[in-house]
Amino acid sequence: MAEQFISRGFKGRRRGTNSELKGRIPPGQYATEEFPVLSAGPTPRTLLERWDFSIYGEIAEDLKWTWGEFLKLPRETATVDIHCVTKWSKLGTVWSGVSVDTLLEGINLDAQPDVGYLIAFCDGGYTTNLPLADVRGGKAWIAYEFDGKPLAPEHGGPARLLVPHLYFWKSAKWVRGFKLVKEDRPGFWETAGYHNYGDPWKEQRYAGD
Amino acid sequence: MAQLKWQLGTVLEIRQETPTVKSLILDLRDWTTHFAGQHVDVRLTAPDGYQAQRSYSIASPPEDKYLMLTVERLEDGEVSPYLTDVLRVGYQVELRGPIGGYFVWNARDSRYNDSPLLLVAGGSGVAPLMAMIRHRAISNSKRPTTLLYSSRFYEEVIYREELDRLVANDTSLRVIHTLTRRQPQNWTGYGRRIDRAMLAETAWLPEEKPLAYACGPTALVETVANLLLELGYESGRIKTERFGPTGG
(Lines give C-alpha, C1' and ligand atoms only; values in the text may rest on other atoms or scores of the structure.)
Protein backbone atom coordinates (compact mmCIF):
# COMPACT_ATOMS: atom_id res chain seq x y z
CA MET A 1 0.00 0.00 0.00
CA ALA A 2 1.50 3.27 -1.08
CA GLU A 3 -0.19 5.26 1.63
CA GLN A 4 -0.28 4.20 5.24
CA PHE A 5 -3.74 3.03 6.16
CA ILE A 6 -5.07 4.40 9.45
CA SER A 7 -7.69 2.37 11.31
CA ARG A 8 -10.49 4.85 11.86
CA GLY A 9 -11.01 5.49 15.55
CA PHE A 10 -8.13 3.30 16.73
CA LYS A 11 -5.91 4.80 19.38
CA GLY A 12 -4.27 1.69 20.78
CA ARG A 13 -3.00 1.15 24.23
CA ARG A 14 -1.23 3.97 25.93
CA ARG A 15 2.31 3.67 24.67
CA GLY A 16 4.78 3.05 27.44
CA THR A 17 7.62 5.48 27.85
CA ASN A 18 10.01 2.68 28.68
CA SER A 19 12.07 2.72 25.49
CA GLU A 20 14.35 -0.07 26.69
CA LEU A 21 11.31 -2.34 26.91
CA LYS A 22 9.99 -1.10 23.58
CA GLY A 23 13.29 -1.98 21.94
CA ARG A 24 12.85 -5.56 23.04
CA ILE A 25 9.50 -6.11 21.34
CA PRO A 26 9.72 -6.99 17.63
CA PRO A 27 7.30 -5.47 15.09
CA GLY A 28 3.70 -6.69 15.35
CA GLN A 29 4.27 -8.27 18.78
CA TYR A 30 2.85 -7.36 22.20
CA ALA A 31 4.22 -8.19 25.62
CA THR A 32 2.32 -10.58 27.86
CA GLU A 33 2.88 -11.71 31.42
CA GLU A 34 1.13 -15.00 30.74
CA PHE A 35 2.56 -18.05 29.11
CA PRO A 36 0.12 -19.15 26.43
CA VAL A 37 0.15 -22.73 25.18
CA LEU A 38 0.09 -23.47 21.46
CA SER A 39 0.45 -26.84 19.89
CA ALA A 40 -1.10 -28.63 16.95
CA GLY A 41 -2.10 -31.80 18.77
CA PRO A 42 -2.25 -33.58 22.11
CA THR A 43 0.55 -33.15 24.65
CA PRO A 44 2.78 -36.25 24.50
CA ARG A 45 3.82 -37.86 27.78
CA THR A 46 7.15 -39.63 27.78
CA LEU A 47 8.41 -41.49 30.80
CA LEU A 48 11.82 -40.22 31.84
CA GLU A 49 13.08 -43.81 31.92
CA ARG A 50 12.37 -43.97 28.21
CA TRP A 51 13.55 -40.48 27.34
CA ASP A 52 16.79 -39.93 25.51
CA PHE A 53 18.33 -37.25 23.34
CA SER A 54 20.14 -38.30 20.21
CA ILE A 55 22.11 -36.68 17.43
CA TYR A 56 22.44 -38.56 14.16
CA GLY A 57 22.60 -38.00 10.41
CA GLU A 58 25.75 -36.52 8.89
CA ILE A 59 27.93 -37.44 11.81
CA ALA A 60 30.73 -39.99 12.20
CA GLU A 61 29.20 -41.61 15.25
CA ASP A 62 25.70 -41.09 16.59
CA LEU A 63 25.39 -39.53 20.02
CA LYS A 64 22.85 -40.43 22.67
CA TRP A 65 22.17 -39.36 26.24
CA THR A 66 19.69 -40.87 28.66
CA TRP A 67 17.79 -38.56 31.00
CA GLY A 68 20.23 -39.30 33.80
CA GLU A 69 23.22 -38.61 31.57
CA PHE A 70 21.63 -35.46 30.24
CA LEU A 71 21.17 -34.00 33.72
CA LYS A 72 24.86 -34.55 34.41
CA LEU A 73 25.89 -32.37 31.46
CA PRO A 74 27.02 -28.83 32.32
CA ARG A 75 23.94 -26.82 33.17
CA GLU A 76 23.33 -23.26 32.06
CA THR A 77 20.68 -20.75 33.01
CA ALA A 78 19.57 -18.31 30.33
CA THR A 79 17.35 -15.26 30.75
CA VAL A 80 15.84 -14.48 27.38
CA ASP A 81 12.94 -12.78 25.59
CA ILE A 82 10.72 -15.11 23.59
CA HIS A 83 8.48 -14.25 20.65
CA CYS A 84 5.57 -16.37 19.41
CA VAL A 85 4.36 -15.96 15.83
CA THR A 86 0.82 -15.64 17.23
CA LYS A 87 1.93 -12.14 18.35
CA TRP A 88 2.77 -12.50 22.03
CA SER A 89 6.23 -11.85 23.40
CA LYS A 90 7.34 -12.68 26.91
CA LEU A 91 10.30 -10.79 28.26
CA GLY A 92 12.92 -11.98 30.71
CA THR A 93 11.98 -15.66 30.83
CA VAL A 94 14.37 -17.85 32.81
CA TRP A 95 15.33 -21.30 31.54
CA SER A 96 17.84 -23.91 32.63
CA GLY A 97 19.25 -26.73 30.59
CA VAL A 98 22.14 -27.73 28.40
CA SER A 99 23.70 -25.49 25.79
CA VAL A 100 23.53 -26.98 22.30
CA ASP A 101 27.25 -26.11 22.06
CA THR A 102 27.87 -28.66 24.79
CA LEU A 103 25.98 -31.34 22.85
CA LEU A 104 27.88 -30.60 19.65
CA GLU A 105 31.26 -30.42 21.38
CA GLY A 106 32.35 -33.90 20.35
CA ILE A 107 31.61 -33.31 16.68
CA ASN A 108 34.13 -31.57 14.48
CA LEU A 109 31.58 -29.56 12.53
CA ASP A 110 34.19 -27.23 11.09
CA ALA A 111 35.71 -30.20 9.27
CA GLN A 112 32.47 -30.75 7.37
CA PRO A 113 31.22 -27.30 6.35
CA ASP A 114 28.68 -28.78 3.94
CA VAL A 115 26.59 -30.01 6.90
CA GLY A 116 24.75 -26.78 7.47
CA TYR A 117 21.34 -27.70 8.89
CA LEU A 118 19.55 -29.70 11.51
CA ILE A 119 16.09 -31.09 11.88
CA ALA A 120 14.86 -31.17 15.45
CA PHE A 121 12.53 -34.11 16.03
CA CYS A 122 10.12 -34.56 18.89
CA ASP A 123 7.68 -36.83 20.65
CA GLY A 124 4.34 -36.45 18.92
CA GLY A 125 5.97 -36.24 15.50
CA TYR A 126 6.71 -32.51 15.40
CA THR A 127 9.76 -31.35 13.47
CA THR A 128 11.41 -28.02 12.79
CA ASN A 129 14.44 -27.09 10.72
CA LEU A 130 17.28 -24.72 11.61
CA PRO A 131 20.63 -23.70 10.20
CA LEU A 132 23.34 -25.14 12.44
CA ALA A 133 24.78 -21.66 12.80
CA ASP A 134 21.62 -20.65 14.66
CA VAL A 135 22.09 -23.16 17.44
CA ARG A 136 25.84 -22.63 17.93
CA GLY A 137 27.76 -19.93 19.75
CA GLY A 138 25.61 -19.68 22.87
CA LYS A 139 22.34 -19.11 20.99
CA ALA A 140 20.41 -22.29 21.81
CA TRP A 141 19.71 -24.72 24.64
CA ILE A 142 17.82 -27.89 25.44
CA ALA A 143 15.86 -26.55 28.39
CA TYR A 144 14.38 -28.73 31.11
CA GLU A 145 13.51 -26.06 33.66
CA PHE A 146 11.40 -22.95 33.40
CA ASP A 147 11.41 -20.40 36.21
CA GLY A 148 13.35 -22.78 38.44
CA LYS A 149 10.84 -25.62 38.09
CA PRO A 150 10.75 -28.71 35.88
CA LEU A 151 9.31 -27.78 32.51
CA ALA A 152 5.58 -28.59 32.41
CA PRO A 153 4.43 -31.03 29.69
CA GLU A 154 2.17 -28.46 27.98
CA HIS A 155 5.17 -26.15 27.65
CA GLY A 156 7.30 -28.90 26.14
CA GLY A 157 8.53 -30.84 29.17
CA PRO A 158 10.49 -32.85 29.98
CA ALA A 159 12.73 -30.87 27.62
CA ARG A 160 12.37 -28.45 24.74
CA LEU A 161 14.66 -26.72 22.34
CA LEU A 162 15.16 -23.04 23.16
CA VAL A 163 16.23 -20.77 20.29
CA PRO A 164 15.00 -17.40 21.52
CA HIS A 165 16.23 -15.29 18.61
CA LEU A 166 13.76 -17.00 16.26
CA TYR A 167 9.95 -17.25 16.48
CA PHE A 168 9.07 -19.70 19.19
CA TRP A 169 7.77 -22.51 16.96
CA LYS A 170 11.46 -23.15 16.23
CA SER A 171 11.92 -23.86 19.96
CA ALA A 172 10.47 -27.33 19.51
CA LYS A 173 8.59 -28.82 22.46
CA TRP A 174 9.19 -32.42 23.58
CA VAL A 175 12.42 -32.46 21.59
CA ARG A 176 14.22 -35.80 21.40
CA GLY A 177 17.12 -35.09 19.10
CA PHE A 178 18.68 -33.55 16.03
CA LYS A 179 19.28 -34.96 12.62
CA LEU A 180 22.23 -33.18 11.02
CA VAL A 181 21.78 -32.72 7.28
CA LYS A 182 23.48 -31.17 4.29
CA GLU A 183 20.31 -29.86 2.72
CA ASP A 184 17.68 -27.80 4.45
CA ARG A 185 14.27 -29.45 4.65
CA PRO A 186 11.20 -27.63 5.98
CA GLY A 187 9.62 -29.01 9.16
CA PHE A 188 6.02 -29.17 10.39
CA TRP A 189 4.96 -25.52 10.39
CA GLU A 190 7.46 -24.62 7.69
CA THR A 191 5.50 -26.83 5.28
CA ALA A 192 2.18 -25.46 6.56
CA GLY A 193 2.63 -21.88 5.37
CA TYR A 194 5.04 -20.53 7.96
CA HIS A 195 8.41 -18.95 7.21
CA ASN A 196 11.39 -21.21 6.77
CA TYR A 197 13.70 -19.17 9.00
CA GLY A 198 11.44 -17.06 11.26
CA ASP A 199 13.36 -13.98 12.36
CA PRO A 200 10.94 -11.95 14.53
CA TRP A 201 12.89 -8.71 13.96
CA LYS A 202 12.31 -9.05 10.22
CA GLU A 203 8.73 -10.20 10.90
CA GLN A 204 9.28 -13.43 8.96
CA ARG A 205 5.99 -15.01 10.03
CA TYR A 206 4.76 -16.69 6.88
CA ALA A 207 6.29 -18.09 3.70
CA GLY A 208 7.24 -15.18 1.48
CA ASP A 209 7.65 -12.65 4.32
CA MET B 1 6.05 -18.59 -2.28
CA ALA B 2 4.43 -15.21 -2.75
CA GLN B 3 4.09 -13.06 0.31
CA LEU B 4 0.72 -12.80 2.01
CA LYS B 5 -0.09 -9.17 1.36
CA TRP B 6 -1.96 -6.86 3.68
CA GLN B 7 -5.30 -5.90 2.18
CA LEU B 8 -8.29 -3.82 3.13
CA GLY B 9 -11.67 -5.30 3.86
CA THR B 10 -14.80 -3.19 4.06
CA VAL B 11 -17.25 -3.97 6.84
CA LEU B 12 -20.56 -4.90 5.19
CA GLU B 13 -22.39 -6.07 8.26
CA ILE B 14 -21.88 -6.51 11.99
CA ARG B 15 -23.85 -9.22 13.76
CA GLN B 16 -24.25 -9.27 17.50
CA GLU B 17 -23.90 -12.97 18.26
CA THR B 18 -23.93 -12.80 22.07
CA PRO B 19 -23.49 -9.98 24.59
CA THR B 20 -19.69 -10.07 24.11
CA VAL B 21 -19.27 -11.59 20.66
CA LYS B 22 -19.78 -10.01 17.27
CA SER B 23 -19.33 -11.34 13.76
CA LEU B 24 -17.87 -8.99 11.18
CA ILE B 25 -18.73 -9.59 7.56
CA LEU B 26 -16.04 -8.23 5.32
CA ASP B 27 -15.79 -7.56 1.62
CA LEU B 28 -12.27 -8.20 0.36
CA ARG B 29 -11.20 -7.40 -3.16
CA ASP B 30 -8.22 -9.72 -3.45
CA TRP B 31 -9.24 -12.69 -1.35
CA THR B 32 -7.86 -16.03 -2.47
CA THR B 33 -10.03 -18.80 -1.13
CA HIS B 34 -9.29 -20.38 2.24
CA PHE B 35 -9.82 -23.75 3.87
CA ALA B 36 -12.28 -24.11 6.73
CA GLY B 37 -10.30 -23.77 9.96
CA GLN B 38 -7.78 -21.18 8.78
CA HIS B 39 -7.29 -17.73 10.28
CA VAL B 40 -6.26 -14.22 9.34
CA ASP B 41 -4.05 -11.61 10.94
CA VAL B 42 -5.75 -8.28 11.60
CA ARG B 43 -3.59 -5.18 11.87
CA LEU B 44 -4.74 -1.90 13.38
CA THR B 45 -2.83 1.34 12.86
CA ALA B 46 -3.18 4.47 15.00
CA PRO B 47 -2.63 7.97 13.54
CA ASP B 48 0.88 8.10 15.03
CA GLY B 49 1.84 4.89 13.23
CA TYR B 50 1.48 2.61 16.25
CA GLN B 51 0.28 -0.83 15.19
CA ALA B 52 -1.26 -3.85 16.87
CA GLN B 53 -1.85 -7.27 15.33
CA ARG B 54 -3.91 -10.27 16.37
CA SER B 55 -5.14 -13.47 14.74
CA TYR B 56 -8.81 -14.32 14.21
CA SER B 57 -10.32 -17.50 12.88
CA ILE B 58 -12.44 -17.36 9.77
CA ALA B 59 -16.00 -18.45 10.54
CA SER B 60 -17.31 -18.39 6.98
CA PRO B 61 -16.94 -21.33 4.60
CA PRO B 62 -14.66 -21.07 1.57
CA GLU B 63 -17.75 -21.00 -0.64
CA ASP B 64 -19.01 -17.67 0.74
CA LYS B 65 -18.43 -14.47 -1.18
CA TYR B 66 -17.67 -12.54 1.99
CA LEU B 67 -15.38 -13.29 4.88
CA MET B 68 -16.78 -13.65 8.40
CA LEU B 69 -14.64 -13.13 11.47
CA THR B 70 -16.19 -13.82 14.86
CA VAL B 71 -14.61 -11.73 17.58
CA GLU B 72 -14.99 -12.05 21.32
CA ARG B 73 -14.50 -8.85 23.24
CA LEU B 74 -11.73 -9.32 25.79
CA GLU B 75 -11.86 -6.94 28.71
CA ASP B 76 -8.13 -6.23 28.72
CA GLY B 77 -7.77 -6.61 24.98
CA GLU B 78 -6.37 -4.06 22.63
CA VAL B 79 -7.63 -5.22 19.25
CA SER B 80 -10.88 -7.00 20.12
CA PRO B 81 -12.51 -3.98 21.88
CA TYR B 82 -11.80 -1.91 18.77
CA LEU B 83 -13.36 -4.54 16.52
CA THR B 84 -16.45 -4.97 18.72
CA ASP B 85 -16.99 -1.41 20.00
CA VAL B 86 -15.50 1.07 17.56
CA LEU B 87 -15.77 -0.53 14.15
CA ARG B 88 -18.89 0.38 12.14
CA VAL B 89 -20.39 -0.75 8.86
CA GLY B 90 -18.47 0.96 6.06
CA TYR B 91 -15.19 1.16 7.96
CA GLN B 92 -12.19 -0.66 6.64
CA VAL B 93 -9.99 -3.24 8.33
CA GLU B 94 -6.51 -4.25 7.28
CA LEU B 95 -5.78 -7.97 7.25
CA ARG B 96 -3.82 -10.72 5.59
CA GLY B 97 -4.35 -14.42 5.16
CA PRO B 98 -5.46 -17.13 4.98
CA ILE B 99 -2.99 -18.61 7.44
CA GLY B 100 -2.47 -22.09 8.86
CA GLY B 101 -2.37 -25.33 6.94
CA TYR B 102 -2.95 -27.87 9.67
CA PHE B 103 -6.13 -27.14 11.63
CA VAL B 104 -8.23 -27.40 8.46
CA TRP B 105 -10.91 -29.62 7.06
CA ASN B 106 -11.82 -29.94 3.40
CA ALA B 107 -14.87 -31.98 2.42
CA ARG B 108 -13.20 -32.88 -0.87
CA ASP B 109 -10.00 -34.14 0.71
CA SER B 110 -10.04 -37.88 0.07
CA ARG B 111 -7.43 -38.77 2.71
CA TYR B 112 -9.93 -39.08 5.53
CA ASN B 113 -12.98 -39.82 3.42
CA ASP B 114 -14.49 -42.38 5.72
CA SER B 115 -13.69 -40.65 9.00
CA PRO B 116 -16.51 -39.21 11.05
CA LEU B 117 -15.76 -35.77 12.47
CA LEU B 118 -15.66 -34.85 16.11
CA LEU B 119 -15.59 -31.12 16.69
CA VAL B 120 -15.14 -29.88 20.24
CA ALA B 121 -15.52 -26.19 20.97
CA GLY B 122 -15.12 -24.01 24.01
CA GLY B 123 -16.67 -20.52 23.80
CA SER B 124 -15.57 -18.48 20.80
CA GLY B 125 -13.32 -21.39 19.83
CA VAL B 126 -16.37 -22.54 17.89
CA ALA B 127 -15.56 -20.08 15.07
CA PRO B 128 -13.18 -22.20 12.95
CA LEU B 129 -15.35 -25.27 13.62
CA MET B 130 -18.38 -23.34 12.38
CA ALA B 131 -16.48 -22.70 9.15
CA MET B 132 -16.12 -26.49 8.85
CA ILE B 133 -19.80 -27.10 9.62
CA ARG B 134 -20.90 -24.48 7.11
CA HIS B 135 -18.49 -25.83 4.50
CA ARG B 136 -19.81 -29.32 5.12
CA ALA B 137 -23.43 -28.16 4.68
CA ILE B 138 -22.76 -26.15 1.51
CA SER B 139 -20.76 -28.92 -0.11
CA ASN B 140 -23.60 -31.31 0.75
CA SER B 141 -21.29 -33.64 2.64
CA LYS B 142 -23.06 -36.24 4.73
CA ARG B 143 -19.95 -37.00 6.74
CA PRO B 144 -21.20 -38.04 10.18
CA THR B 145 -20.31 -35.08 12.38
CA THR B 146 -20.69 -34.32 16.06
CA LEU B 147 -20.14 -30.90 17.56
CA LEU B 148 -19.69 -30.90 21.32
CA TYR B 149 -19.90 -27.28 22.32
CA SER B 150 -19.17 -25.93 25.78
CA SER B 151 -20.46 -22.48 26.77
CA ARG B 152 -20.84 -20.86 30.15
CA PHE B 153 -24.43 -19.62 29.73
CA TYR B 154 -27.26 -20.20 27.25
CA GLU B 155 -27.00 -16.56 26.19
CA GLU B 156 -23.36 -17.06 25.29
CA VAL B 157 -23.95 -19.84 22.77
CA ILE B 158 -22.70 -18.45 19.45
CA TYR B 159 -24.54 -19.39 16.20
CA ARG B 160 -27.23 -21.13 18.28
CA GLU B 161 -30.14 -20.69 15.89
CA GLU B 162 -28.11 -21.51 12.81
CA LEU B 163 -26.86 -24.69 14.44
CA ASP B 164 -30.45 -25.64 15.36
CA ARG B 165 -31.52 -25.11 11.74
CA LEU B 166 -28.62 -27.12 10.34
CA VAL B 167 -29.34 -30.04 12.67
CA ALA B 168 -33.04 -29.99 11.79
CA ASN B 169 -32.18 -30.51 8.12
CA ASP B 170 -29.41 -33.04 8.45
CA THR B 171 -29.59 -36.36 10.25
CA SER B 172 -25.84 -36.89 9.94
CA LEU B 173 -25.07 -33.79 12.04
CA ARG B 174 -25.35 -33.79 15.83
CA VAL B 175 -24.85 -30.75 18.04
CA ILE B 176 -24.50 -31.36 21.75
CA HIS B 177 -24.34 -28.42 24.11
CA THR B 178 -23.01 -28.21 27.60
CA LEU B 179 -23.58 -25.12 29.75
CA THR B 180 -21.03 -24.98 32.53
CA ARG B 181 -22.27 -22.12 34.73
CA ARG B 182 -26.06 -21.97 34.56
CA GLN B 183 -28.70 -23.91 32.66
CA PRO B 184 -32.17 -22.66 31.70
CA GLN B 185 -35.25 -24.50 32.96
CA ASN B 186 -36.04 -27.66 31.04
CA TRP B 187 -32.50 -27.77 29.71
CA THR B 188 -31.85 -31.15 28.15
CA GLY B 189 -28.14 -30.72 27.35
CA TYR B 190 -25.22 -31.22 29.67
CA GLY B 191 -24.54 -28.87 32.56
CA ARG B 192 -20.90 -29.34 33.42
CA ARG B 193 -17.42 -29.01 32.04
CA ILE B 194 -16.41 -31.54 29.41
CA ASP B 195 -15.17 -34.68 31.17
CA ARG B 196 -14.35 -38.26 30.36
CA ALA B 197 -17.89 -39.54 30.81
CA MET B 198 -19.28 -36.86 28.51
CA LEU B 199 -16.78 -37.66 25.78
CA ALA B 200 -17.36 -41.38 26.19
CA GLU B 201 -21.10 -40.77 25.70
CA THR B 202 -20.85 -38.41 22.76
CA ALA B 203 -17.64 -39.05 20.83
CA TRP B 204 -17.23 -41.51 17.97
CA LEU B 205 -15.62 -44.79 18.87
CA PRO B 206 -11.92 -45.01 18.04
CA GLU B 207 -12.70 -48.01 15.78
CA GLU B 208 -14.62 -45.61 13.54
CA LYS B 209 -11.31 -43.84 12.81
CA PRO B 210 -12.64 -40.42 13.70
CA LEU B 211 -10.88 -37.16 12.98
CA ALA B 212 -11.07 -34.76 15.94
CA TYR B 213 -10.68 -30.99 16.07
CA ALA B 214 -10.68 -29.16 19.40
CA CYS B 215 -10.61 -25.39 19.72
CA GLY B 216 -11.06 -23.24 22.79
CA PRO B 217 -9.24 -22.12 25.90
CA THR B 218 -6.03 -24.02 26.70
CA ALA B 219 -7.46 -25.87 29.71
CA LEU B 220 -10.39 -27.23 27.68
CA VAL B 221 -8.23 -28.21 24.72
CA GLU B 222 -5.63 -29.93 26.92
CA THR B 223 -8.36 -31.84 28.76
CA VAL B 224 -10.17 -32.91 25.61
CA ALA B 225 -6.99 -33.96 23.77
CA ASN B 226 -5.78 -36.00 26.76
CA LEU B 227 -9.17 -37.66 27.28
CA LEU B 228 -9.48 -38.55 23.60
CA LEU B 229 -6.07 -40.23 23.77
CA GLU B 230 -7.24 -42.17 26.83
CA LEU B 231 -10.36 -43.22 24.94
CA GLY B 232 -8.16 -44.64 22.19
CA TYR B 233 -8.05 -41.86 19.60
CA GLU B 234 -4.93 -41.67 17.46
CA SER B 235 -2.69 -38.78 18.41
CA GLY B 236 -2.19 -37.77 14.79
CA ARG B 237 -5.95 -37.48 14.29
CA ILE B 238 -6.50 -35.01 17.10
CA LYS B 239 -5.93 -31.47 15.91
CA THR B 240 -5.90 -28.63 18.37
CA GLU B 241 -6.13 -24.87 18.26
CA ARG B 242 -6.15 -22.71 21.37
CA PHE B 243 -8.02 -19.52 22.01
CA GLY B 244 -7.57 -17.55 25.13
CA PRO B 245 -7.54 -14.13 26.67
CA THR B 246 -3.97 -13.85 25.43
CA GLY B 247 -5.42 -13.87 21.94
CA GLY B 248 -5.90 -10.20 22.84
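A residue counts as buried if 20 or more other C-beta atoms lie within 10 Å of its own. In this predicted model, B:T178 has 20 C-beta neighbours inside 10 Å and therefore counts as buried.

**Surroundings of B:T178**

B:T178 belongs to strand β9 of chain B, which covers residues 173-179. Leaving aside residues up to four places away in sequence, B:T178 touches B:S150, B:G189, B:Y190, B:G191, B:R192, B:I194 and B:M198. The C-alpha atoms of B:T178 and B:I138 are 26 Å apart in space, and the two residues are 40 apart in sequence.

**Overall form of chain B**

Chain B contains five helices and eleven strands. The C-alpha trace of chain B spans about 55 × 45 × 30 Å along its principal axes. A compact globule of 248 residues would have a radius of gyration near 18 Å, and the 18 Å of chain B agrees with this. Of the 248 residues of chain B, 46% count as buried. Among contacts in chain B between residues at least 6 apart in sequence, 73% join residues at least 24 apart.

**Domains and their contact**

Chain B is divided into domain 1, residues 7-99, and domain 2, residues 110-247. Taken over C-alpha atoms, the centres of domain 1 and domain 2 of chain B are separated by 23 Å. The contact between them involves 17 residues of domain 1 of chain B and 16 residues of domain 2 of chain B. On the domain 1 side, β1 (7-18), β4 and β5 (67-72) of chain B each supply at least two residues. By class, that side has eight nonpolar, five polar and four charged residues.

In soluble globular proteins, nonpolar side chains tend to be buried together. The largest nonpolar core has 105 residues, of which B:L69 and B:L129 touch the most other members. Helix α2 of chain B (residues 126-138) gives the most to this core, with seven residues. Because domain 1 (7-99) and domain 2 (110-247) of chain B both give residues to this core, the core lies between them. Not counting residues up to four places away in sequence, B:L69 touches B:S23, B:L24, B:L26, B:V40, B:Y56, B:I58 and B:A59.

**Strand β7**

Six of the six residues of strand β7 of chain B (residues 117-122) are buried, so this strand is largely enclosed by the rest of the structure. Both faces of β7(B) are covered: B:L117, B:L119 and B:A121 are buried on one side, and B:L118, B:V120 and B:G122 on the other. β7(B) pairs in the parallel sense with strand β8 of chain B (residues 145-151) over six bridges. Within β8(B), B:L148 is the bridge partner of B:V120.

**Contact with chain A**

The contact between the chains takes 39 residues from chain B and 36 residues from chain A. The elements of chain B that give two or more residues to the side touching chain A are listed below.

| Element of chain B | Residues |
|---|---|
| β3 | 39-45 |
| β4 | 51-57 |
| α1 | 80-86 |
| β6 | 92-99 |
| α5 | 218-230 |
| β11 | 238-242 |

The residues of the side of chain B that touches chain A divide into 18 nonpolar, 15 polar and six charged. Strand β4 of chain B is named among the elements of this side, and β4 of chain B also supplies at least two residues to the side of domain 1 that touches domain 2.

How values were computed
Residues are numbered from 1 along each chain as its sequence is written. Chains are lettered from A and ligands numbered from 1 in the order in which they are written. This is a predicted model: local features need pLDDT of at least 70, side-chain atom pairs count only at pLDDT 80 or more; totals for chains, interfaces and linings use all residues. Two residues are in contact if their C-beta atoms, placed from the backbone, lie within 7 Å. Helices (H or I, at least four residues) and strands (E, at least two) are DSSP runs, numbered from the N terminus. Ala, Val, Leu, Ile, Met, Phe, Trp, Tyr, Cys and Pro count as nonpolar, Asp, Glu, Lys and Arg as charged, and the others, Gly among them, as polar. Domain bounds come from an automatic or database domain assignment. The radius of gyration is taken over C-alpha atoms; the globule rule is 2.2 Å times the number of residues to the power 0.38. A residue is buried if 20 or more other C-beta atoms lie within 10 Å of its own, exposed if 12 or fewer, and partly exposed in between; C-beta atoms are placed from the backbone. A nonpolar core is a set of buried Ala, Val, Leu, Ile, Met, Phe, Trp, Tyr and Cys residues joined through C-beta atoms within 7 Å. Two strands pair if DSSP finds at least two bridges between them.
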